[in-house]
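Here are some notes to read alongside the model. Have it open and follow the points in order.

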Amino acid sequence: MALPVAFFAVFFAYPVAAIVARGLKVGGAWQLGRIGDVLVESDIRHVLWFTTWQALASTALTLLIALPGAYVFARFDFPGRHVLRAVVTVPFVLPTVVVGTAFLALVGRGGLLDDLGAYGWTPPCGPSCSRTSSSTTRSSYGRWAASGRSSTRVRRRPRGCSAPPGRGPGGR
């Protein structure tokens, strides 16, 4: 347990604390009023609102898509299951920039789905869909993979399979 805590302290806690200290400590004195100065800026408020909205939307979509998907993967065998698992795996293993660019090419301005506007369809959220969809896909895959792996490795046996030689089904 000490190694993960040390790793977290060195590579996350210390850099974050150093950045905060550099921003709030001027001339050796703490300037906590600078937090309010930053939060008053409309650009910062917009970024904070977008980040919060995107995180909530991503979480909601993940729950709506991943939980039923995990149930289906864990409980049912169906044609195309392995293909669907492969398709869901692709965005998870690719770098974030590649996944974001792919979703942007799909739902962004001038993207594949934007071309459907000629038929009366408009993308519901534009470029912000790419970030939310990417996050949802990655989160959903984590839940699907967990349920899928357990169901493919653990095979249920009929009763009596582990009975000693000479015994019939059910151990009789």
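The points below go from the whole chain to a few local details.

1. First, some housekeeping. This is a predicted model, where local features need pLDDT of at least 70, side-chain atom pairs count only at pLDDT 80 or more, and totals for chains, interfaces and linings use all residues. Residues are numbered from 1 along each chain as its sequence is written, and side-chain values use heavy atoms, with hydrogens and water left out.

2. The chain has six helices and two strands, in the order α-β-β-α-α-α-α-α. Helices (H or I, at least four residues) and strands (E, at least two) are DSSP runs, numbered from the N terminus.

3. Of the 172 residues, 19% count as buried (under 20% relative accessible area with a 1.4 Å probe, protein chains only; exposed is over 50%, partly exposed in between). Looking at contacts (heavy atoms within 4.5 Å) between residues at least 6 apart in sequence, 60% join residues at least 24 apart.

4. Now take a look at α2 (residues 33–40) and α3 (residues 42–75), which pack at about 80° with axes 5 Å apart. That makes the two helices roughly perpendicular (65 to 115 degrees). Axes here are lines fitted to C-alpha atoms over the stretch in contact, and angles run from 0 to 180 degrees between N-to-C directions. On the α2 side, Val38, Leu39 and Val40 meet Ser42, Ile44, Arg45 and Leu48 of α3.

5. Which residues of α5 are buried? They are Val99, Phe103 and Val107. These cover an arc of only 50° around the axis, so they sit on the same side of α5; the arc is taken from the directions from the helix axis to the C-beta atoms.

6. There is one salt bridge (a side-chain nitrogen of Lys or Arg within 4 Å of a carboxyl oxygen of Asp or Glu). Aspartate 77 and arginine 81 form it, at 2.5 Å, N to O. Aspartate 77 is exposed at 67% relative accessible area, whereas arginine 81 is buried at 6%.

Technical notes. Angles under 35 degrees count as roughly parallel, over 145 as roughly antiparallel, 65 to 115 as roughly perpendicular and the rest as oblique.
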